[in-house]
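Colleague: I have a model open and would like to go through it with you. Could you take my questions one at a time?

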Amino acid sequence: MQAVVIHEVGAFELEDLPVPEPGPGEALIRVSVTGLCRTDLKIVRHGHRDLTLPRVPGEEVVGEVVALGPAGPRPAPPLGRADRAASDERPFAPGDRVYVYPGVWCGECPSCRRCAENLCRQMRIMGFHRDGGFAEYVAAPLQSLIRVPERLGDEEAVFAEPLSCCLNALELGRVGEGDVLGVWGAGPAGTLLSRAGALRGADVVVVEPHAGRRERLRTAPGTRAGVAVHPEPTGPVDVAVVAVGDPRAYEAAIAALAPRGRLVVFSGLLPADDAALRVSLSAVHYREHTFVGAYGCSFRHGTAALELLGSGRLRVDDLISHRLPLAALDEGLDLVARRAGMKVHLYPGAVPRSHSPRPSRPRSPR
Ligand SMILES: [Zn+2]
């Protein structure tokens, strides 16, 4: 099978690898679509704290189960697993369309017991510690699979991964009804945060200095009423989520916090950036600010994201700007690096033909 392999940070090869054998408790999945994000850019070109080599990257995966490995030990479920719909308890079988939650967790450590398996002591992430979806096939544990709702296409379903991370960030920022939510950055993550934040009842201001990106977000068919886009914050914000890896955006977000405001440290910074900022502890003290980190997502966020996408309440099809074959990964990474597109999807099999831009539909008032 064709796969992208990183042997050393900064470069990758397109190689012919044997199709992986699913181990005990695993499924073999034919990858239908895999999403590209800034984390992949970081992994391939700059390295990542959690990356081990050699590695097939790719942590946003939707595909079809084609084979099952031998029965494995039943892993201890984390508490969040209880959220899993009863229909999901029927065993997976070849032909099932699945989204792969990228993590494998232990189920027993303190983080797992708090439903924060993304912080599991033994977390193994697909595309970081084990091979991921920039390949025609991937082997993944059954415990990580979530069924794709029937009415949801693969292309939309693969947004479950970035959307899950956004749901985790909004949850940690305690974004609720009537809050002013400031989102820094109008890229794919910023857009998903704005849409999911508006669904939680927040008034959303997306802060984006680039005029072209502001216009793109304003005119996107899925942009909701209640989401404003400005070059700078228009007033104090109750919650600030930074979705651009730029220390200056963090400075601006902290400056915009209202009393009792919460900053969500969502976007990672490149190793070359100085990730240390001077913060006035007096301001934190007198204004009762909260800073909270958000890294990845838990399994239950994957379930919630797929439900949200399947319900049609959060539209994502208008965010796909490029559909590329696996061999065009470098081009895709350039697009991500230059922020030239929105969401870039890779297709390890055939790139679907139906991707001439969809005919424009009247803007939905939803
Ligand atoms: Zn754990």
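Colleague: Which helix is Ile254 found in?

Modeller: Ile254 is found in helix α7, residues 247–256, where a helix is a DSSP run of H or I with at least four residues, numbered from the N terminus. Please keep in mind that this is a predicted model, in which local features need pLDDT of at least 70, side-chain atom pairs count only at pLDDT 80 or more, and totals for chains, interfaces and linings use all residues. Residues are numbered from 1 along each chain as its sequence is written.

Colleague: Why is Ile254 called partly exposed?

Modeller: Ile254 is partly exposed because 19 other C-beta atoms lie within 10 Å. A residue is buried if 20 or more other C-beta atoms lie within 10 Å of its own, exposed if 12 or fewer, and partly exposed in between, with C-beta atoms placed from the backbone.

Colleague: And what is Ile254 in contact with, leaving aside neighbours within four places in sequence?

Modeller: With those neighbours left aside, Ile254 is in contact with Leu263 and Val279, contact being C-beta atoms, placed from the backbone, that lie within 7 Å.

Colleague: Switching to cores, how many residues has the largest nonpolar core?

Modeller: The largest nonpolar core has 95 residues, and Ala240 and Leu309 are those with the most contacts inside it. A nonpolar core is a set of buried Ala, Val, Leu, Ile, Met, Phe, Trp, Tyr and Cys residues joined through C-beta atoms within 7 Å.

Colleague: Which helix gives the most to this core?

Modeller: Helix α4, residues 160–172, gives the most, with eight residues. This core also draws at least three residues from each of domain 1 (2–162 + 297–347) and domain 2 (174–293), bounds that come from an automatic or database domain assignment.

Colleague: Is α4 itself mostly covered or mostly open?

Modeller: α4 is mostly covered, since 12 of its 13 residues are buried, including Leu163, Cys165 and Leu172. Just after α4, Arg174 takes a positive phi of about 50°.

Colleague: Back to the domains, how far apart do their C-alpha centres lie?

Modeller: The C-alpha centres of domain 1 and domain 2 lie 26 Å apart. The contact takes 13 residues from domain 1 and 15 residues from domain 2, and helix α1, residues 38–46, gives the most to the side of domain 1 that touches domain 2, with three residues.

Methods: Helices (H or I, at least four residues) and strands (E, at least two) are DSSP runs, numbered from the N terminus. Two residues are in contact if their C-beta atoms, placed from the backbone, lie within 7 Å.
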